[in-house]
Every structure is written in structure tokens, then in C-alpha cells.
Amino acid sequence: MAPTDIRIVQLEQPLDYEGDTKWLQDGTHAVYTAYYQGVYGNTDPVRDAIDDVITFNDQNDNIRRWWCAVSGPDGDPASVVAVIKCDLNMQDQKLVDISLVVHPEWRRRGIGTMLLHFAEEHPDLVGRDVLINWEGAFNAAIDAGEQIQAPTGQGSAPANTPGLQFALANGYTFEQVERMSLCSLPVAPDTLERFIAGSQPQTLGYRTMVWDDCVPAEYLDGYAVLMTKIYTDAPKGDLRFEEEVWDADRVRRDQEAAKAKGWRRLIAVAQHEATGELAAMTLLAWKPDKPTFGHQEETVVLAAHRGHRLGMLIKALNLQALAEANPRCERLYTWNAEENDFMLSINVALGYRPYGGNCVVQKLR
Ligand SMILES: CC(C)(COP(=O)(O)OP(=O)(O)OC[C@H]1O[C@@H](n2cnc3c(N)ncnc32)[C@H](O)[C@@H]1OP(=O)(O)O)[C@@H](O)C(=O)NCCC(=O)NCCS
């Protein structure tokens, strides 16, 4: 049973970063910071509170139901002891993406169970029967003990991963392991040159471009096609989410949100010269006020254009561009499904090393 003085507070739209609810936003940020600090010993993966505010206020593609579990006086960020964020996809009307974190000092008191049950039974989630929880991080370097194999056949998670045990206790099934990898920069310039030159014979007939922050207007539609493929073309085990169609407007909104959050981006693409089709994209992002690390985000090559070493080519070009745009960057993080052999082999060749992992769990109801 959760402590009886806990109350559940819903975040209301629009959030104002400097407004009355700032303590809830700062408290949420503190919970996620303690979570990542506890698992990895660093807070690079934590998104700033302002990022959360902007994400929450954009409810074009997801209805966001985010709740805090609060113990203590209103107005004090330290009163926020746990958070559950439920994103109700507007296209895939069966799906709820969940992120649930209990502050490490408040665990094993039933608070996680209380918040999860509250959310699952909330009227806004009625009719949504695919619940996917994306938290469940573990540190591969520390947790080398007993492992539980992912049902995909590739990757495993330490049996003592709190998120996994909690999920199993709450009727979720373990579906997939995401590998978190770290690349220490700089990658030697001649290594990048070698990969770029090595891809040349196969990439004849493709033109590459690297864009700062934004996709030029004439490429927005083609880029939206690439973004649509990202979630369905990457291996997803038995996770039951559906295709999510992007259009030019959504690409623009996504860019504006990244800019408002203070992210800089580099986008490398390959265009098929004969047809003009955008065949591949990859995106790197960092914040200039935290220049020592960044994230390797989406990468996709359209199925018809695979096998030409385009993935390696655009990733190497983007790393070259990053070395120029942000030479202070020392650490790049990325997440991939453990069974995504093609992507992982490119990353490993470029110097990414396993750093941690994440258990993805699902409940079908
Ligand atoms: C997972 C998490 C949300 C659990 O929160 P919590 O408030 O500690 O969970 P509860 O106290 O409600 O635990 C309910 C049951 O889950 C299981 N469980 C939870 N944490 C566990 C752990 N560390 N080891 C083994 N079992 C665990 C137990 O069966 C527990 O019941 P018990 O305490 O009576 O044995 C919390 O550890 C956390 O925030 N972890 C990091 C983020 C994350 O993994 N999110 C959830 C992903 S599904």
C-alpha cells in the first residue's frame, strides 16, 4: 500500500515554465535526474525541464496525460516523488506510450503501482488496449549478474532491473531490449574519410547534403516519408504499435519545437539522383549550453535504397559536420533495438560501444 498522504496531481495545458506549476515541472525534472544519475552515474540523458514543457504543450499528435505523485507542500519541487507520463497517440488510437519513474528514495512503497493503476483505469485511457512502457534502464557495466533474455532472441537485461521486475509484477510482458551506446569523440578524421571513401562505389547515383537545423522547404515532403518509416522499419519485436504518418507540417512543428528547446541539429541526407527521391536521413542534436555531449537520433534508409552503404555514408558525413560545428562534443549517445544488426554494425564500426540498456515492456488488454 502506498503511503496515505500521497496525492496525484494532473499537469494542465498549457504549462507555463515560469508560472504557478513551475514546482511540478522542476520536481518532475528532479525525479528523472535522480533516476538517470542512479543508473548511469551521469545526467546526460535527462531532458531539461523546458523541453518537457514544450513537449507537453504540443498536443497535435498525442494527447498528453501526465500526473505527478506528490507528498508534502504544494510549491516545493521536492514534494514530487514520482511521475507518470501517458501519451495517447492520435493516429494509433489503441496505443498509450508510458514513462513511469519513482524517485529512488521513494521506491518499494507501492507508489509506482498506485500511479500505474490510477493511469490504466483513468477514463481517458479507456479503449486503449496497447500499453507500452519505455523506461526500465539498466547499466550493463554494473549489472553483470543474472540476466533475463529478451523474447526477440537478442539482448538481455539484468534480472534485478527494477523496471523489469515491476512491469512483470504488474501484468506487462518483456518485449525488447534497446541498447544504449556511447561514442567517444572525436572519431579520427582519417577513419571517417576511410568510411566515406569506402562507400563510394555503392553510393554512385546518390547526392548527399548536410543541413543545419532545418529541412529546406522543397524537401519537407520527402523527409516526412522518411520519418514515417522510422518506427515501422526498425525491428519492433512483438510491440503492437502501428505506422505513424508524418507530413510536412509535422516536420515543421518538430523543427520549431527543437529550436524552442534550444537544440542544434545536423541532418545528413542522401538523394537518389535519378528520381529525386530522398533515400536516407540521419540526425544529430546537441545543446550549445551543454556542448560536451549530444545525441545520435533517427536514422533511416528507405527499403528500396538499402544495401548501398548509404547509412554509413550519411552517418560519417554528419560526424564530420559535427566536428566542425561543435568541436567541444566529447560524448554521443544513441539507442537501438538489440536485434537491429545493420544499424548496430554501422555504429560499432564508427566507434560506438555498449553503455547501457533499456527494457521495453507491453501490456495488451
Ligand atoms: C520501476 C519503478 C517505477 C517501481 O516503482 P516502486 O514505487 O518502487 O514500485 P512498487 O513499490 O509499487 O513495487 C511493486 C512491485 O513491483 C516489484 N518490484 C518493484 N521494484 C522492484 C525491484 N527493484 N526488484 C524486484 N522487484 C521489484 C515488486 O514485486 C514490488 O512489490 P513488493 O515491493 O511488494 O515486492 C521504480 O523502480 C522506477 O522508477 N524505476 C526506474 C524507471 C522505471 O523502470 N520505470 C518503469 C518501467 S516499467
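How far does a polar side-chain atom of Thr113 lie from an oxygen atom of the ligand? The distance is 2.5 Å in this predicted model.

**View 1. The ligand and the residues around it.** The ligand is surrounded by 20 residues, and the closest are Leu100, Val102, Arg108, Gly112 and Thr113. Thr113 places a polar side-chain atom 2.5 Å from a ligand oxygen atom. On its own the ligand has 900 Å² of accessible area, of which the protein covers 78%.

**View 2. The largest nonpolar core.** This core has 29 residues, and Ile84, Cys86 and Ile98 touch the most other members. Elements giving two or more residues to the core include strand S2 (62–70), helix H3 (111–121) and strand S15 (352–364). Strand S3 gives the most, with five residues. In soluble globular proteins, nonpolar side chains tend to be buried together.

**View 3. The surroundings of Cys86.** Another core, of 24 residues, lies apart from the largest one; Val31, Tyr32, Phe56 and Ala137 are among its members.

**View 4. Lys287 in strand S12.** Strand S12 spans residues 278–287. Lys287 counts as buried because its relative accessible area is 5%, under the 20% cut-off. Not counting residues up to four places away in sequence, Lys287 touches Asp48, Ile50, Asp51, Lys261, Gly262 and Trp263.

Note on methods:
Residues numbered from 1 in each chain as written. Predicted model: local features only at pLDDT ≥ 70, side-chain atom pairs only at ≥ 80, totals over all residues. Heavy atoms only, no water. Core = buried A, V, L, I, M, F, W, Y, C linked by side-chain atoms within 4.5 Å. Buried < 20%, exposed > 50% of the residue type's maximum accessible area, 1.4 Å probe, protein only. Helix = DSSP H or I, 4+ residues; strand = E, 2+ residues; numbered from the N terminus. Contact = heavy atoms within 4.5 Å. Near = heavy atom within 4 Å. Polar contact = N/O pair within 3.5 Å; in protein donor to acceptor, adjacent residues only side chain to side chain. Areas by Shrake-Rupley, 256 points an atom, 1.4 Å probe, with all protein chains shown as cover.
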